[in-house]
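Please look through the model shown here, and then follow the questions and answers below.

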Amino acid sequence: MSKLARLIKDNIYKDYAPQELIQENVIQFKGWKCSAGTEGLFIDWGGEVWPATCVVQSRRHRLGSIYDDSPIELLDDYITCQAKTCPCLVEIYLPKYKNDPTSLVENLSGDVSLLDFDAIARASDHDRHRKYIMWAFGRKCNFSCSYCDDHSHSKDDNDLVTKTAIEKVTEYSDRFRQGKSLMWSFTGGEPTINPLFFDFVKLLHSKGDTVTVASNGSQHANYYAELSQYANINISVHFEYLKPSKLGKIVSTVIQNQPMWFGLNFMIMPGKLDKCIEYITELKKIPNFKERTNVHFDILRVKNTGVFEIYAAEELEIIKKLQSGDYD
Ligand code: SF4
Ligand code: SF4
């Protein structure tokens, strides 16, 4: 796990993985000042623009829409956190402080406890010099996974992001970046089914931005091989739709083409570990699979809720083993 969150106390800092903060349940920042909206943005499935995922539906924090003629607002100061918990891995390590902005200054590496810190900064140099935009690039998706929240997928062409909206976001992002590079993270729906998507990724790449695409693996292997020259690709492996042989073809084609970064996220449904093993067995036949692919194993939430599915203790034990990289 990458130690991307820098916890600071009295100018001393220590780096942790955001997942460690989640595991120890130290993700309550209510009343803190947070850089959501100035350092990061979220564009939701319906094209509404927000400082972060935690404030979606809070009219007070809505910055605008990508689908109307009104300008999208630019924030110039930290917002006050109102949420019970910080819901998103990337947002956990957005810069934030409890009382005093100077507590964000870090001088010396040392021992800072997960239970007593006054500020969080970004630990990686790559992140520190960039802002990010997370964009749920339209709801339209060609899969209908049984656990997918109703608001995040549809079969309707009206749920594809339009050319005008892409132009509006491009113009807005050039003001938002304030001279910095941007890290774009695209989810959906399924972003790659939009015929405008690939050229948009190329445009962002030409500006020196970093692009990460979460895709469901439904495109042709050559599409991903070419996209991987412009973007980091993370294939979410949905057991109900993606066949092990098709995934194997994608993986072998992409990793032969020296991708920028390539990963797989196995979406493990309760009771379906055998299916996961079937994929892994297929993938292990591919030369250099383990060296060139970043593999993660996710447990799922119950559809339309934030609550995790119930897994048997033995399943959780095996998932933990897989997560530690032990799948030989
Ligand atoms: S929940 Fe997280 S992202 Fe949202 S305001 Fe609070 S600290 Fe910031
Ligand atoms: S591929 Fe993703 S967006 Fe599409 S139905 Fe499955 S979980 Fe939902």
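Q: Where is Asn304 placed?
A: Helices (DSSP runs of H or I, at least four residues) and strands (runs of E, at least two) are numbered from the N terminus. This is a predicted model, in which local features need pLDDT of at least 70, side-chain atom pairs count only at pLDDT 80 or more, and totals for chains, interfaces and linings use all residues. Residues are numbered from 1 along each chain as its sequence is written, while chains are lettered from A and ligands numbered from 1 in the order in which they are written. Asn304 is found in the loop between β16 (294–299) and α10 (313–323).

Q: Is Asn304 buried or exposed?
A: A residue is buried if 20 or more other C-beta atoms, placed from the backbone, lie within 10 Å of its own, exposed if 12 or fewer, and partly exposed in between. Asn304 has 12 other C-beta atoms within 10 Å, so Asn304 is exposed.

Q: What is phi of Asn25 near?
A: Most residues other than glycine have a negative phi. Asn25, which lies in the loop between α1 (18–23) and β3 (33–34), has a positive value instead, and its phi is near 55°.
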